[in-house]
Amino acid sequence: MTAYEPETADEEIAPAVREVYGPVDLSSVPAFAGGFINFGDWQGMSLEHPLSTEDRVRSERNLYRRVLRALAPEAGRSRAVEIGCGLGLGGALALGEFGCAAVTGVDIHPEQLARARAAHADLLARDPRRFRFVRGAAERMPCADGEFDRLYSVEAAQHFRDLTAFARESARVLRPAGRLAVTSFFVPDADPAKAQALAERLDSFATGLDQPHPLPTLLDALRAAGLADVCAESIGEHVWPGFDHFLAGVDLPAGWPRNFLGAYRDGLLDYYVITARRPAH
Ligand SMILES: C[S@@+](CC[C@H](N)C(=O)[O-])C[C@H]1O[C@@H](n2cnc3c(N)ncnc32)[C@H](O)[C@@H]1O
């Protein structure tokens, strides 16, 4: 087993990530809500009428459900790690609904981890070996070699600064035959003009909060790290129209333009579920 360092250096956090997930709990603002921070999976919800906060929270939970279905944990057996776990509600879902034997939530931001630990204080106290939160970066995971059967990540990879390091670390911490499922938004191809256009149209790219990672960069990095059966499924149609429809009924803070749907429709971005597995031998 390779030694690993559980400490995350403060300078590993991008300044915009540090600020956005700082003192204000983003999961409590109306555009997100319910303890999650993701754009949601709205498949099956009618966009004919205004969407409620309950719909919003359901969409965020459903995005986790989509990823966890793709991950296919074995009930009572799989030890899973979530990278970029936020407040840990997805981890609780992985334990409660998908029967994971144990979940480790990893997040780079100390304030997000403090919120996660507070949100799940009872569960953590009751069964500390089943659910835990650890500070760490996607690019330098605080985990031992082969420690996990499953690795997943929900709407965090757009913040990772180095997808090659993320892929290498994922392959390292998965056991042979272990599986990975990642969902987030990426630029569909490596056209540099798209990165420029995103910075012009969306504040989150202009500030460096979101990185304009081309999807092929992640897929190539996963293959180069030794993972097999690397696949990407586009789910943008289940994400952006519903999210935009919901935002139409919400009072948005200044600087929150509803430009993601347009960027998706213009081919600058798409939302994907990426799956892969570590070969058994
Ligand atoms: C958009 S939130 C998603 C939270 C949660 N997955 C959800 O869907 O509710 C992104 C999370 O990724 C974390 N994060 C950002 N960069 C990271 C990195 N390099 N390594 C680990 N976590 C990171 C942030 O601190 C934040 O909690």
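## A buried aspartate to start with

Asp270 is buried, since 20 other C-beta atoms lie within 10 Å of its own. Here, buried means 20 or more such atoms within 10 Å, exposed means 12 or fewer, and partly exposed covers what falls in between, with C-beta atoms placed from the backbone. Before going on: this is a predicted model, where local features need pLDDT of at least 70 and side-chain atom pairs count only at pLDDT 80 or more, while totals for chains, interfaces and linings use all residues. Residues are numbered from 1 along each chain as its sequence is written.

Asp270 sits in strand β7. Helices (H or I, at least four residues) and strands (E, at least two) are DSSP runs, numbered from the N terminus. Leaving out neighbours within four places in sequence, Asp270 is in contact with Phe185, Phe186, Pro188, Ser234, Gly236 and Tyr264; contact means C-beta atoms, placed from the backbone, within 7 Å.

Two strands count as paired if DSSP finds at least two bridges between them.

Strand β1 (residues 79-83) runs parallel to β2 (residues 102-107), and five bridges join them; Arg79 has Ala102 as its bridge partner in β2. Back at β7, eight bridges link it to β5 in an antiparallel arrangement, including the one between Ser184 and Tyr272. Seven of the eight residues of β7 are buried, so the strand is largely enclosed by the rest of the structure.

## Helices against the sheet

In α3, the residues Leu89, Gly90, Gly91, Ala94 and Leu95 are buried. Their cover includes α2 (53-71) along with β1, β2, β3 and β4.

## The nonpolar core

What is on the inside? The largest nonpolar core has 77 residues, and Val67, Tyr152 and Leu218 have the most contacts within it. Such a core is a set of buried Ala, Val, Leu, Ile, Met, Phe, Trp, Tyr and Cys residues joined through C-beta atoms within 7 Å. Strand β5 (residues 174-186) gives the largest share of this core, six residues.

Tyr152 touches Val67, Leu68, Leu71, Ala80, Glu82, Ala181 and Val182, setting aside residues up to four places away in sequence.

## Around the ligand

The ligand is surrounded by 22 residues, with Asn38, Gly84, Gly86, His109 and Ala156 the closest; a residue is near if its C-beta atom, placed from the backbone, lies within 6 Å. This shell divides into twelve nonpolar, seven polar and three charged residues. Ala, Val, Leu, Ile, Met, Phe, Trp, Tyr, Cys and Pro count as nonpolar, Asp, Glu, Lys and Arg as charged, and the others, Gly among them, as polar.

Methods
Two residues are in contact if their C-beta atoms, placed from the backbone, lie within 7 Å.
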